[in-house]
Amino acid sequence: MTLRKKLLIASISIISIFMLMIVLLVGIITSRIHHIYEQEQVTTQVNQTRNLLNNELKSLDRLNLDYAAWDDTFSFIENKNDLYIQSNLTSETFLQNNIDHMVFINNRGKIVLVRQIDAEGKLNENYIDSNWLDRYKLKKFFIQMKR
């Protein structure tokens, strides 16, 4: 083998090794950039979800406060006025406010009224599913209120 052929093979080998190293480095750098981008995307989505949930909780707090501070609600809890139920606790109320349960409790901890809307939009009155109480940790609350 001539010197020229040996230099050509050596040159091609060195160029091939450098090309392979460049491809590997670009792959590693691209992979890291992609990983960082995915982390940023996940962080953004988690923050958006957290903000959405916080806004929903604030909305429910406002709704709860509106009902609790309303004179008609106070009067209803005292005398269980059927007109209040007919005008304020319809299926539209539940659907528009995006809620599925309402529980009215007097200041002695006694449940005055429970309304629940099912998946079909049918209202159920004074029905409390024990799983629902467990899920929202309300059994302990009602037990403490009765003391």
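In the hairpin formed by S1 and S2, five residues lie between the strands, and Gly 109 adopts a positive phi near 85°. Helices (H or I, at least four residues) and strands (E, at least two) are DSSP runs numbered from the N terminus, and residues are numbered from 1 along each chain as its sequence is written. The model is predicted: local features need pLDDT of at least 70, side-chain atom pairs count only at pLDDT 80 or more, and totals for chains, interfaces and linings use all residues, while side-chain values use heavy atoms, with hydrogens and water left out.

The protein contains six helices and three strands, which follow the order α-α-α-α-β-β-β-α-α from the N terminus on. Of its 147 residues, 18% count as buried, where buried means under 20% relative accessible area, exposed over 50%, and partly exposed in between (1.4 Å probe, protein chains only). The accessible surface of the protein comes to about 11,900 Å², and carbon and sulfur atoms account for 59% of this area; areas were computed by the Shrake-Rupley method with a 1.4 Å probe, and for residues only the protein chains shown count as cover. Among contacts (heavy atoms within 4.5 Å) with a separation of 6 or more, 40% link residues 24 or more positions apart.

The three strands form an open sheet in the order S1-S2-S3, with antiparallel pairing; two strands pair if DSSP finds at least two bridges between them. Strand S1 (101-105) and strand S3 (123-125) are the edge strands, each pairing on one side only. From one strand to the next, the twist averages 10°. Strand S2 (residues 111-117) runs antiparallel to S1 and is joined to S1 by five bridges. Ile 105 has Ile 111 of S2 as its bridge partner, and Val 103 stands opposite Val 114 in S2. Helix H2 (residues 71-79) lies across S1 and S2 and runs at about 65° to S1; axes are lines fitted to C-alpha atoms, for helices over the stretch in contact, and angles run from 0 to 180 degrees between N-to-C directions.

The largest nonpolar core has 13 residues, and those with the most contacts inside it are Phe 76, Tyr 84, Leu 89, Met 102, Phe 104 and Leu 113. Helix H1 (3-69), helix H3 (82-88), S1 and S2 each supply at least two residues of this core, and the largest share, three residues, comes from S2. A nonpolar core is here a set of buried Ala, Val, Leu, Ile, Met, Phe, Trp, Tyr and Cys residues joined through side-chain atoms within 4.5 Å. In soluble globular proteins, nonpolar side chains tend to be buried together. With neighbours within four places in sequence left aside, Leu 89 is in contact with Tyr 84, Phe 94, Met 102, Phe 104, Leu 113, Arg 115 and Leu 123.

Phe 94 is located in helix H4 (residues 91-97) and counts as buried because its relative accessibility is 0%. Apart from neighbours within four places in sequence, its contacts include Leu 89, Ile 99, Asp 100, His 101, Met 102, Arg 115, Ile 117 and Leu 123. The C-alpha atoms of Phe 94 and Ile 117 are separated by 7.1 Å, although the two residues are 23 residues apart along the chain.

Thr 93 also lies in helix H4 and is buried, with a relative accessible area of 9%. A polar atom of the Thr 93 side chain lies 2.9 Å from the backbone oxygen of Asn 88. A polar contact is defined as a pair of N or O atoms within 3.5 Å; within protein, one must be able to donate a hydrogen and the other to accept it, and residues adjacent in sequence count only if both atoms are side-chain atoms. Beyond neighbours within four places in sequence, Thr 93 is in contact with Tyr 67 and Asn 88.

Positive phi values also occur in residues other than glycine. Lys 80, in the loop between H2 and H3, has a phi near 50°; this residue is partly exposed, with a relative accessible area of 36%. Asn 98, in the loop between H4 and S1, has a positive phi of about 60° and counts as exposed, at 59% relative accessibility.
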